[in-house]
Protein chains: 2
Amino acid sequence: VGVRAAFDEQLDSLRGGLIVMAATATSAIRWASDSLLNLDLATASQALEAAGQLTDQRWVVEARASELVALQQPVATDMRLVVASLRVGADLERMGGLAAHVAKIMVRRHPAPAVPTPLTAVVAAMGTVAERLAWKVTRALELRDTRLGAELERDDDEMDALQRRLFALVLGNWPHGVAAAVDAALLGRFYERYADHVVNTGKHVTFLVAGGPGGPPAAE
Amino acid sequence: VGVRAAFDEQLDSLRGGLIVMAATATSAIRWASDSLLNLDLATASQALEAAGQLTDQRWVVEARASELVALQQPVATDMRLVVASLRVGADLERMGGLAAHVAKIMVRRHPAPAVPTPLTAVVAAMGTVAERLAWKVTRALELRDTRLGAELERDDDEMDALQRRLFALVLGNWPHGVAAAVDAALLGRFYERYADHVVNTGKHVTFLVAGGPGGPPAAE
């Protein structure tokens, strides 16, 4: 049916906007982690800029969604796809915000390192997991891969384990002072939240790329 | 027109769901703060339960929104009201999550106090501001008051000032150890994020209770 084709086409354009956002959110956390570990201000700026772009990109996605609804008058099932797109857009924007928080901690401590040496390995690992998570969502959106959910949960478990390790180090024998402990706790929290948003995104992305095969995504 | 009346009625029902959520989010942070300062486990459970209710309530709001769109086929302007409702629902649910985080810090330290004596005044003030913010949104939804925005910004500035005071205390002469410092930093972050979500909510609430007087809410 022509109406169906037009709806699918507009939904594809919405998905295109989300792919751009997911790629930007992936770069944002990579740049933030790199700046943190290499003490490089230029890379921190790139992370902050990417976060700003995500805000703009989210507005584009929302405008496309509103237009789609107004023009296509979707039925309830299709409307769930639109709502899923909006939620993915919101999560991806927030991931940019969290990457920016990581970069800002680096900037605030510069030229001193924000991450004391005993923590660099665990923080680097958190950065790697966060980037891998976001990259998987980007790829799933691009390739319309629906087998995403379980993989993300495993990565998220890894992130939670890393956060516990980080806290154990900070709360153990810690000679680096209270300020560094507070920064470390906040960094841990930002990476963990970033991963949570990816997992949220993943549920909706699976629903979205499947084209809505009955039933809403699982409750968060 | 009949169609318009039906749309307005369903939009009112959506707003009703948001009022319930806003009231629950207000209670959640009050209970969380009370449990934190009075070391009362029962009040902490109430906060955790309220957070769970907010998740359920958000699903109700989303179901009503999907139904509204499917039945009423709103034009783009009205669609923006539906999207605003979804965003308010998302923020209110997250406020419940943050209240739960506050309560969980209390539970984890119990029977020891999570907040050392020098911090109780500033943490109590953060709790008061958070509750007041959420209560204002609840009232604005109920009374359809559109003068909300500026007031919320002022309260949010107060929250930011309190958070800076909290961090200054923790990073100053701090004899309470690293664990208490980390808890304090996280508590500060949770209250600040709670307030941020209220401010986000406020923008959309103003748009929502005005019934959509042209133009989307201001960028976040």
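A salt bridge is taken here as a side-chain nitrogen of Lys or Arg within 4 Å of a carboxyl oxygen of Asp or Glu. By this rule, two salt bridges are found across the interface of chain A and chain B in the predicted model. In one of them, Arg87(A) meets Glu62(B) through their side chains, with an N to O distance of 2.7 Å. Polar contacts between chain A and chain B number two residue pairs, both at pLDDT 80 or more.

On the side of chain A that touches chain B, at least two residues each come from α2 (41-72), α3 (76-109), α5 (148-171) and α6 (177-209). The greatest contribution to that side is made by α3(A), with ten residues.

The contact involves 37 residues of chain A and 38 residues of chain B. Between them the two chains bury about 3,000 Å², of which 65% lies on carbon and sulfur atoms. Within chain A, the most area is lost to chain B by Trp59(A), Val178(A) and Arg189(A), which together account for 18% of what that side buries.

Charged side chains also face aromatic rings across the two chains. Arg87(A), the partner of Glu62(B) in the salt bridge, lies over the face of Trp59(B) at 5.4 Å from the ring centre. Likewise, Arg87(B) is placed over the face of Trp59(A), at 5.5 Å from the ring centre.

In chain A, helix α1 (residues 2-38) comprises 37 residues and spans 54 Å from its first C-alpha to its last, close to the expected 54 Å. Leu39(A) follows α1(A) and has a positive phi, near 55 degrees.

Methods: Residues numbered from 1 in each chain as written. Chains lettered and ligands numbered in written order. Predicted model: local features only at pLDDT ≥ 70, side-chain atom pairs only at ≥ 80, totals over all residues. Heavy atoms only, no water. Helix = DSSP H or I, 4+ residues; strand = E, 2+ residues; numbered from the N terminus. Expected span 1.5 Å × (residues − 1). Lys NZ or Arg CZ within 6 Å of the ring centre and 35° of its normal. Contact = heavy atoms within 4.5 Å. Buried area = accessible area lost by both parts, 1.4 Å probe. Polar contact = N/O pair within 3.5 Å; in protein donor to acceptor, adjacent residues only side chain to side chain.
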